[in-house]
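Here's a quick briefing for anyone meeting this structure for the first time. Have a look at the sequence and the model, then read on.

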Amino acid sequence: MCEHAGAGGRLVVVDSTSRHPGLADSAFLKAARGEPVPHTPVWYMRQAGRSLPEYLRVREGVGMLESCMDPDLVTEITLQPVRRYGVDAAIFFSDIVLPLKAVGVDLDIKPGVGPVVASPVRTLADVEAIPDLTAEHVPFITSAVHALVGELGATPLIGFAGAPFTVASYLVEGGPSKEHAKTKAMMFGAPDVWDALMRKIAGIAAAYLSVQVAAGASAVQLFDSWAGALTPADYAEHVMPHSARVLAAAGELGVPRIHFGVGTSNLLGLMGEAGADVVGVDWRTPLGSAIGVVGDRGVQGNLDPTLVFAPTDVMTRRAAEVIEAGRAAKGHIFNLGHGVIPSTDPAQLERLTEFVQSYPLS
């Protein structure tokens, strides 16, 4: 057993005996730590969702948040791509706003829209009304992770949480937004409310990750969908310290930390400095360019998700270019440059996985 001070000073006990001894040989964990790998490890964001027929079957008639709170369903969905593709890591099936739902925020995920919050945050009182998250709020997460690590064996499980800026945007806007106007209005015009909200969300995210790691997750990813809406200066002043707080708490748990954002070409250096061991790079940025700015860290990515719709030889040629570029990094984890597109042919992802894992590194 290893003991760590988690979010809010709460003691988090990490049961290291629950981890499979074969994890020491995991290509994914070796790459995340910057160690030599037998092959380039690969997994896919949204790898379990939307494109797999078996996923669509088990989700039929079940809402997104409902499915995320059912340990048996979370376990099954998380395992599906590991069974089908043989990827080097499993990503815990969850949603960015699930921790908010768990602590009592009135929200739902509406099909075709996304997360919708009934009463958007506007004041300090609104922030203070949001409870801090504890393990008691999410017993279904602990149950699911325990089940998963037992099933996954030597395949590592990646814990997952939404980054403070993205989660704050949903809370302030009341739902998805392209401009993030209300979010930025609070950030610039009500800095006391903004700081309180970001601290609250950072604490929730840190606690949520600590629950997953304590139950057996071997790595974590902090996902910032909307950070690309910010300038480097605004990110550094108003967002980075809060993401850093989450990543620091995860770092105390002794697991590798991946930090990924969408449209963040101009933020990659800062996202690394926030505390990442591995910086996720979306498909818009050449991987070689990203390696030059993230510092002494690994990178993850970054094949354009639409290339899986191209002829196989085109897809694999471009994948080879990504792998070759990744050689210059401290460590490289192959991934798409964003999530799997719903209409993706699973057979094509099978071909891509086999190609990446068999690509010669020497």
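Strand 8, which spans residues 257-261, is mostly covered, with five of its five residues buried. Buried here means under 20% relative accessible area, while exposed means over 50% and partly exposed lies in between (1.4 Å probe, protein chains only). Helices (H or I, at least four residues) and strands (E, at least two) are DSSP runs, numbered from the N terminus. Keep in mind that this is a predicted model: local features need pLDDT of at least 70, side-chain atom pairs count only at pLDDT 80 or more, and totals for chains, interfaces and linings use all residues. Residues are numbered from 1 along each chain as its sequence is written, and side-chain values use heavy atoms, with hydrogens and water left out.

**More on strand 8**

- Arg257, His259 and Gly261 point one way from strand 8, Ile258 and Phe260 point the other way, and all of them are buried.
- Strand 8 pairs with strand 7 (residues 219-224) in the parallel sense, over five bridges; two strands count as paired if DSSP finds at least two bridges between them.
- In that pairing, Asp224 stands opposite Gly261 of strand 8.
- Strand 8 also pairs with strand 9 (residues 278-280), again in the parallel sense, over three bridges.
- There, Phe260 sits opposite Gly280 in strand 9.

- Strand 6 (residues 157-162) runs parallel to strand 7 and is joined to it by five bridges.
- Gly162 stands opposite Phe223 in strand 7.

**The sheet they belong to**

- Zooming out, seven strands form an open sheet in the order 3-6-7-8-9-10-11, with parallel pairing.
- Its edge strands are strand 3 (90-91) and strand 11 (332-333), each pairing on one side only.
- Strand 11 runs parallel to strand 10 (residues 298-300), and two bridges join them.
- His332 in strand 11 is the bridge partner of Val299.

**Two buried loop residues**

- Ser26 sits in the loop between strand 2 (11-14) and helix 1 (27-32), and it is buried at a relative accessible area of 5%.
- Leaving aside residues up to four places away in sequence, Ser26 touches Asp88, Ala154 and Pro156; a contact means heavy atoms within 4.5 Å.
- Thr40 is in the loop between helix 1 and helix 2 (53-59), and counts as buried with 4% relative accessibility.
- With the neighbours up to four places away in sequence not counted, Thr40 touches residues including Asp88, His332 and Phe334.

**The whole chain**

- The chain has 16 helices and eleven strands.
- Its radius of gyration is 19 Å, close to the 21 Å that the globule rule gives for 362 residues, so the chain is as compact as a globular protein of that length. The radius is taken over C-alpha atoms, and the rule is 2.2 Å times the number of residues to the power 0.38.
- Along the principal axes, the C-alpha atoms fill a box of roughly 55 × 40 × 40 Å.
- Buried residues make up 58% of the 362 in the chain.
- Of the contacts with a separation of 6 or more, 72% are between residues 24 or more positions apart.
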